[in-house]
Amino acid sequence: MALPIYGYMRIATDADCPAETERVTAELETFARQEGFSLEDVFIEHLGAKNPAFDGLIERLKRSETRNVLVPSLWHFARLPGLQEAMRQHIQSETGAHVWVVQGKRW
């Protein structure tokens, strides 16, 4: 049985981009499957959203037994490397979850 994993992505435009969202979700699903995970849910951050998806991800991790998070690249956390690492560490320290990064992986 595959371990559950949650996905997280940031949409960098104000416009709804279903094709981009579907492409990135498919990328996350492929990675998850090949690494022995089952992608349970994808938290999608939209610019200007009233309820940040990152907060939703943290809360879900705290309420579940899932301890794995998958992102397409660290850029989906933030553009600045220091903030990327801070967000990764926040997930790990608050929930004990491991952050997996698709970028750079070849299938």
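I started from L57 and listed its contacts beyond four places in sequence: Y6, Y8, F43, V69 and I91. The model I am reading is a predicted one.

Next I looked up the largest nonpolar core. It holds 18 residues, and Y8, L57, F77 and I91 have the most contacts inside it. I then sorted its members by element: β1 (3-11), α2 (53-63), β3 (68-71), α3 (81-95) and β4 (98-101) each give two or more residues. The largest share, five residues, is from α2. I also found a second, separate core of eleven residues, with F31, V42, L70 and V102 among them. I note the general background: nonpolar side chains tend to be buried together in soluble globular proteins.

I turned to α3. I read 15 residues and a reach of 21 Å from first C-alpha to last, close to the 21 Å expected at 1.5 Å a residue. Its buried residues are Q84, M87, R88, I91 and T95. Seen down the axis of α3, these fall within an arc of 95°, so they line one face of the helix. G82 and S93, on the other side of α3, are exposed. I checked what covers the buried residues of α3, and the cover includes β1, α2, β3 and β4. After the helix comes G96, with a positive phi near 80°.

I then searched the whole structure for salt bridges and got six. My entries on three of them follow.

- R88 and E85: the closest N and O atoms are 3.5 Å apart. Both residues lie in α3, three residues apart, about one turn of the helix. I have R88 as buried because its relative accessible area is 18%, and the cut-off for buried is under 20%. E85, at 33%, counts as partly exposed.
- R23 and E20: the closest N and O atoms are 2.8 Å apart. They are three residues apart in helix α1 (residues 18-34), which puts about one helical turn between them. R23 is partly exposed at 44% relative accessible area, and E20 is partly exposed at 35%. I also traced a network here: salt bridges with shared partners join E20, R23 and E27.
- R60 and D41: the side chains meet at 3.0 Å, N to O. This pair links distant parts of the chain, with R60 in helix α2 and D41 in strand β2 (residues 37-46), 19 residues apart. I have both as partly exposed, R60 at 26% relative accessibility and D41 at 27%.

Terms used: Residues numbered from 1 in each chain as written. Predicted model: local features only at pLDDT ≥ 70, side-chain atom pairs only at ≥ 80, totals over all residues. Heavy atoms only, no water. Core = buried A, V, L, I, M, F, W, Y, C linked by side-chain atoms within 4.5 Å. Buried < 20%, exposed > 50% of the residue type's maximum accessible area, 1.4 Å probe, protein only. Helix = DSSP H or I, 4+ residues; strand = E, 2+ residues; numbered from the N terminus. Contact = heavy atoms within 4.5 Å. Expected span 1.5 Å × (residues − 1). Arc of directions from axis to C-beta. Salt bridge = Lys/Arg side-chain N within 4 Å of Asp/Glu carboxyl O.
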